Amino acid sequence: MPYRLGCPSWNTPAWHGGFHPAGRRPGGSLGGYVRTFNAVEGNTTFHARPAAATVLRWAETMPAEFRFCAKLPRDISHEGDLRGRLQATTDFLELLAPLGPRVAPLWLQLPARFGPERLDELGTWLEHVAGRDVAVEVRHPAFFARGGEERALNRLLHALGVERICLDSRALFACAADDPAVRHAQSKKPRLPIRAAAFSNSPQVRFIGGPDLEANQPWLLPWVERVAGWIERGLAPYVFLHTPDNHLAAEQALRFHALLRGRLPG
């Protein structure tokens, strides 16, 4: 495929008996997932480092062309100065080494308190992982104000060939918050302006929809056009689809693919 498509996880409990049929499957949930999608957000590594034996099982199950966008663990991205986490970063990459080129890009998701005054810190960390495909997600309001601070961030990322992850949560926040799952998602996800960057060969999009897939459609269709345009330019975008509690994330992703096939037949 000329692009990467996936969900936040391959092991969403709500999928069992649905997207993941009941009964034991070769490779477990991951084995079922990789037969449909060619990429996944690495949320699991953000919350906890996997055991070495677990990484080996992943390596045995993931096809060579699969891409695992491993998130840096939160103790690296969210706790203290990034310059003090260089060895922890190296150790994490060594843990994932059995996956080889399937770990691409590596994702650094920064907290909202990580502001412009810390760009030198980010630059040092990015130099430490030079030579790897990397994508960064920022959440500080100054990086969305279209001022000098945002331009400085963009110059840093663009100069190093580092992608700026675009998170689009408009469909989620357009929902009435009377559903517990919606309220929970709205309390956790950021509400930020859209920055559809393409600083590398692989633009990164995270689309956070609501529980009504038809209601998500007006927000999704512009991404179909944008991704089609990137593919026509020879880029290889990554697109990840979320819904509240991710019960319908796989269905939303497959719907996106059907729309994109309509825009780019074949």
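Start by selecting β2 (39–42), α2 (43–47), α9 (180–188) and β8 (204–208) in this predicted model. Each supplies at least two residues of the lining of the largest pocket.

**Stop 1: the pocket**

Stay with that pocket. Its volume is about 970 Å³. Its lining has 35 residues, and the closest to its centre are N43, H47, K188, K189 and R206. Show their side chains. Next, colour the lining by residue type. How many lining residues of the largest pocket are nonpolar, polar and charged? The lining holds 14 nonpolar, twelve polar and nine charged residues.

**Stop 2: two helices**

Select helix α10 (residues 213–232), then helix α11 (residues 249–263). They pack with their axes 9 Å apart, at an angle of about 50°. What word describes how α10 and α11 lie to each other? Angles from 65 to 115 degrees would count as roughly perpendicular and those under 35 as roughly parallel. α10 and α11 are therefore oblique. Where α10 passes α11, the crossing is right-handed. Now look at the residues of their contact: eleven are nonpolar, three are polar and six are charged.

**Stop 3: a sheet**

Move on to the strands β4, β5 and β6. They form an open sheet in the order β4-β5-β6, with parallel pairing. Which strands stand at the edges? Those are β4 (106–109) and β6 (163–164). Each has a single partner strand, so one side of each has no neighbour in the sheet.

Finish on strand β5 (residues 134–137), which two bridges join to β6. The two strands run parallel. Select V136 and look across to β6: R164 stands opposite.

Methods. Residues numbered from 1 in each chain as written. Predicted model: local features only at pLDDT ≥ 70, side-chain atom pairs only at ≥ 80, totals over all residues. Heavy atoms only, no water. 1 Å grid on protein atoms, 1.4 Å probe; cavity = no way out; pocket = protein on both sides within 12 Å on 5 of 7 lines; lining within 4 Å. Points joined across faces, edges and corners; volume = space filled by probe spheres on them. Helix = DSSP H or I, 4+ residues; strand = E, 2+ residues; numbered from the N terminus. Nonpolar A, V, L, I, M, F, W, Y, C, P; charged D, E, K, R; others polar. Axes fitted to C-alpha atoms, helices over the stretch in contact; angles between N-to-C directions. Parallel < 35°, antiparallel > 145°, perpendicular 65-115°, else oblique. Left-handed = near helix turned anticlockwise from the far one by under 90°. Pairing = 2+ DSSP bridges.
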